[in-house]
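This report describes the fold of a protein chain and then turns to its aromatic side chains. The sequence and the coordinates come first.

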Amino acid sequence: MQQINDFFDTYARALELYDAKGMAFLYNIPCSMLSDDATSFFNDAGKLEGFFNQGSGFYRQFGIANVQPNVWSKRPYTDKIVSVKVNWQYMDVFRKPIYDCDYYYTLKLDKNNLWRIIQSVSVNERERMEEWKAKSKV
């Protein structure tokens, strides 16, 4: 299960580098992303990479330079499928907190024995982001 922590550390480094290709590499194709407001399915790695390019633009625009994943729980369904809850902490270049949010992920070992995300569920990112943006306008 330590591999799961390492996996999310790798994901965090890709986020910090605004590396859309690196983020997309960590996902299984096909994969799905869910939130209260949207459901997205990706059958093409290029389209997933494009999606992450858009998100990277947001992170860059709002000064997100450091990302810390806190893995709160890991629940194996089988030897090759696991559910993981992660709290993401987003910080500026000085490591001052910007906002944090929670996600649930379903990961599966691929044929090369590497973990890949097959589903991500955003629990509260939009709300936390909006709270931060409202506070920063004051």
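A residue is called buried when its relative accessible area is under 20%, exposed when that area is over 50%, and partly exposed in between. By that rule, both F8 and W88 are buried. The model is a predicted one.

**Overall fold**

The protein chain contains four helices and six strands. Their order along the sequence is α-α-β-β-α-β-β-β-β-α. For 138 residues, a compact globule would have a radius of gyration near 14 Å, and the 15 Å of the protein chain agrees with this. Along the principal axes, the C-alpha atoms fill a box of roughly 50 × 30 × 30 Å.

Of the 138 residues in the protein chain, 40% are buried. If contacts are limited to residues at least 6 apart in sequence, 50% of them join residues at least 24 apart.

**Aromatic side chains**

How many aromatic pairs does a search of the whole structure find? The search finds 17. Two of the pairs involve F8, and their geometry is given below.

| Pair | Centre to centre | Angle between planes | Class |
|---|---|---|---|
| F8 and W88 | 6.1 Å | 70 degrees | edge-to-face |
| F8 and Y105 | 5.0 Å | 50 degrees | tilted |

Planes over 60 degrees apart count as edge-to-face, so the 70 degrees between the rings of F8 and W88 put that pair in the edge-to-face class.

Where do F8 and W88 lie? F8 belongs to helix α1 (residues 2–16) and W88 to strand β4 (residues 81–91), so their pair ties together parts that are 80 residues apart in sequence.

Is Y105 buried or exposed? With a relative accessible area of 3%, Y105 is buried. F8 has 0% relative accessibility and therefore counts as buried.

F8, W88 and Y105 are also members of one aromatic cluster. The cluster is formed by F7, F8, Y11, Y27, F42, F51, F52, W88, Y103 and Y105.

Notes
Residues are numbered from 1 along each chain as its sequence is written. Side-chain values use heavy atoms; hydrogens and water are left out. Helices (H or I, at least four residues) and strands (E, at least two) are DSSP runs, numbered from the N terminus. The radius of gyration is taken over C-alpha atoms; the globule rule is 2.2 Å times the number of residues to the power 0.38. Buried means under 20% relative accessible area, exposed over 50%, partly exposed in between (1.4 Å probe, protein chains only). Contact means heavy atoms within 4.5 Å. Rings of Phe, Tyr and Trp (its six-membered ring) pair if their centres lie within 6.5 Å; planes under 30 degrees apart count as stacked, over 60 as edge-to-face and the rest as tilted.
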